[in-house]
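This report describes selected local features of a single protein chain. The sequence and the structure are shown first.

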Amino acid sequence: MFITSASAGPYFLEIYPDTWLNGDEDEYVTIGWDYNPGTCIISDGEGTITFTPPDSGPSSCTIARNGEQYKRVWGRYPSYEIVDSSPAVPQVSHQGRFQMANKKDDLTLTCQGIVWDTVTWPETFKPRKGQIHFRSADGVWDPRVLMAGGSQLTDETFHNVSGTVSVSPDCSRQVLEDIIKNAQKTILLNVYEFTDTGFSDLLCDASNRGVAVSVLLEGGPVGGIPHEEFPVIYSLGLSGADVRLMDGTGEDHPPYRFNHAKYLVADDRIVFLTTENFKEHSFPHEGFAGNRGWGVMLDDEKLAQYFSEVFYWDFSCQGVNKAQGRPGAIDNSVTDRFSPVFSPLSFSGAIVTPVFSPDTSILIADMINESSEKVWIQQAYITEYPKNGTNPFLAAAVNAARRGVDVKILLDGYYYNIEGDNDNDEMETSLNTLAARENISLKAKVLYPGKTGLLKVHTKGVIADDKVLVSSMNWNENSACFNREAGVIIQSRDAASYYASVFLLDWAEKSKSTSARGASGNDPEYIRMITLAAVIIFLILLYRRYHR
């Protein structure tokens with residue numbers, strides 16, 4: 001699961017020059033080799049360190065400035081240390097002052113009199129406080145941002161996976177409730193915000209019947225922790241659940257800017273992944289309005305093991321602390337009635353690839369680049385990256401349109417996504433202007449909630465031919481490069497067709513809420529909606545038949 005370099009050695013493998021600890025006492029450099037390099041010398045121009053790796057053992061070693069400070073951060077000792085801090089760590093020989101500068105420095109690796117590797121920053125990589133610079137498996141310095149304590153996941157694909165797709169506000173809640181109710185051994189939940197007392201009650205019930213419940217929340221969400229979340233944390237704690245917040249600051253700094261993932265693993269077998277937080281408007285009860293969101297349940301032991309390993313890595317990383325709740329009442333807001341159109345749909349034989357930010361988020365662009373017929377995107381919002389101005393996912397979509405792929409982009413029209421000078425309505429205009437100028441198959445649209453009965457579009461999804469992405473990742477630089485986000489790419493004609501039918505209904509702006517009196521089977525509007533949904537599903541099936 002975690003990266004090891006395949007480059008010829010000896011070579012620099014990881015460099016951590018600007019650390020969260022004051023004084024950078026835990027800075028380190030890791031070298032790797034394919035055969036024992038003999039005596040090695042590393043120089044930074046002001047000093048040198050000399051050491052001889054043993055003939056047997058691992059094919060890499062880490063030299064930290066201070067072994068005890070390194071252990072404080074990483075929970076283990078390095079291979080060597082420069083200053084004499086612990087008798088448990090061998091000390092390298094050193095001359096002059098060897099200490100890496102934060103913003104500008106260079107290192108040279110010499111073994112047996114031969115210069116094997118050099119690295120210079122900011123030329124080789126751009127320095128950033130708390131960032132580890134590392135070589136990827138192909139021997140190239142990896143452009144991804146890896147902050148201290150973060151995972152280094154590689155692509156992994158799982159075959160013959162079964163599952164169930166669903167959408168909010170129509171039908172996702174029941175799927176998720178059933179998973180929690182049926183759990184027998186373990187529940188692992190990672191979610192950005194949690195205020196839904198219905199779900200917290202179910203988790204408390206699970207904990208009380210002996211299920212080991214672990215919950216990881218974001219400790220500093222935008223706007224602060226909602227006051228409704230503290231009673232949720234309190235009740236979960238009373239039931240025996242292990243609830244933690246990713247909220248460290250300063251030297252106790254988490255590896256991600258925000259823990260924005262939204263997934264649950266049950267009994268080492270079931271993974272439920274969603275675009276939604278655990279809030280009432282995210283998973284409304286049947287017949288009530290809420291956000292448009294996508295959710296998928298996946299049944300596969302190996303896939304669940306993969307997600308579990310990521311969960312436990314994040315659950316125990318730097319900057320994660322036990323959550324402290326407090327008792328209190330929660331006022332549940334009232335929403336309009338909503339006529340559900342979609343029911344859950346089961347599928348089998350799927351190929352599933354997990355997508356985690358910041359590790360493997362680029363797989364989303366790869367998915368779009370591989371498309372040949374359609375790319376339909378439903379996102380809460382899309383922004384260009386601030387420094388270089390290029391969002392790689394949006395660029396991939398535009399390039400797909402240029403090669404003749406049908407590209408549709410549907411964005412949220414809730415007030416906070418359209419009231420600024422550079423948000424979704426401006427993105428809609430910009431993309432449609434580009435399409436007209438270049439005469440390409442690209443169309444963008446803002447979905448205004450008032451027309452549909454949906455509260456807002458919170459989806460972070462893509463349908464590309466017979467693949468579909470369900471993810472927590474917004475299309476901005478922060479989500480792709482700095483947050484912990486989670487998603488899956490599902491290659492399944494049935495799953496892709498299901499979400500395509502949802503997308504087309506939203507694209508047509510035909511969803512509709514009903515009055516508090518509810519909708520009946522004799523309601524003309526209700527009948528019209530069901531008929532429209534049936535027509536859309538028929539068109540999708542017809543499309544599949546003639547595009548195999």
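## Backbone features in loops

Aspartate 465 is buried, since its relative accessible area is 15%. The model discussed here is a predicted one. Aspartate 465 belongs to the loop that runs between strand 25 (460-464) and strand 26 (467-471). Its phi is near 55°, which is a positive value in a residue other than glycine.

Asparagine 439 also has a phi near 55°, positive in a residue other than glycine. This asparagine follows helix 8 and is part of the loop between helix 8 and strand 24. Asparagine 439 counts as exposed because its relative accessibility is 69%.

Cis peptide bonds occur in other loops. The bond from tryptophan 121 to proline 122 is cis, with omega near 20°, and proline 122 sits in the loop between strand 9 and strand 10. Serine 357 and proline 358 are likewise joined by a cis peptide bond, with omega of about 0°. Proline 358 is placed in the loop between strand 21 (345-357) and helix 6 (363-369).

## Helix 8

An α-helix has 3.6 residues a turn, so residues three or four places apart point the same way.

## Helix 4

In helix 4 (residues 229-238), the buried residues are Glu229, Phe230, Pro231, Val232, Ile233 and Leu236. Among the elements that cover them are helix 3 (197-208), strand 14 (212-218) and strand 15 (242-246). Glycine 240 follows helix 4 and has a positive phi, near 100°.

## Salt bridges

Side chains of opposite charge can pair when their charged atoms come close. A search of the whole structure finds 20 salt bridges. One of them joins arginine 173 to aspartate 196, with the closest N and O atoms 2.8 Å apart. Arginine 173 is in helix 2 (residues 172-182) and aspartate 196 is in the loop between strand 13 (186-191) and helix 3, so this pair ties together parts that are 23 residues apart in sequence. Arginine 173 is buried, with a relative accessible area of 5%, and aspartate 196 counts as buried at 4% relative accessibility.

Aspartate 314 forms a salt bridge with arginine 484, and the closest N and O atoms are 2.7 Å apart. Because aspartate 314 lies in helix 5 (residues 301-315) and arginine 484 in the loop between helix 9 (477-481) and strand 27 (485-491), the pair ties together parts 170 residues apart in sequence. Both residues, aspartate 314 and arginine 484, are buried.

A further salt bridge links aspartate 268 with lysine 185, the closest N and O atoms being 3.9 Å apart. Aspartate 268 is in the loop between strand 16 (262-266) and strand 17 (270-274), while lysine 185 is in the loop between helix 2 and strand 13; the pair thus links distant parts of the chain, 83 residues apart. Aspartate 268 is partly exposed, with a relative accessible area of 41%, and lysine 185 counts as partly exposed at 48%.

## Surface features

Tyr35, Ile114 and Trp116 make a nonpolar surface patch of about 310 Å². Isoleucine 114 is located in strand 9 (residues 114-121) and counts as partly exposed because its relative accessibility is 45%.

Lysine 126 is in the loop between strand 9 and strand 10 (131-134), and it counts as exposed at 62% relative accessibility. Leaving aside residues up to four places away in sequence, lysine 126 touches Gln131 and His133. The C-alpha atoms of lysine 126 and serine 371 are separated by 33 Å, the two residues being 245 residues apart along the chain.

Methods
Residues numbered from 1 in each chain as written. Predicted model: local features only at pLDDT ≥ 70, side-chain atom pairs only at ≥ 80, totals over all residues. Heavy atoms only, no water. Patch = residues over 30% accessible without salt bridge, like charges linked within 9 Å, V, L, I, M, F, W, Y side chains within 5 Å. Areas by Shrake-Rupley, 256 points an atom, 1.4 Å probe, with all protein chains shown as cover. Salt bridge = Lys/Arg side-chain N within 4 Å of Asp/Glu carboxyl O. Helix = DSSP H or I, 4+ residues; strand = E, 2+ residues; numbered from the N terminus. Buried < 20%, exposed > 50% of the residue type's maximum accessible area, 1.4 Å probe, protein only. Contact = heavy atoms within 4.5 Å.
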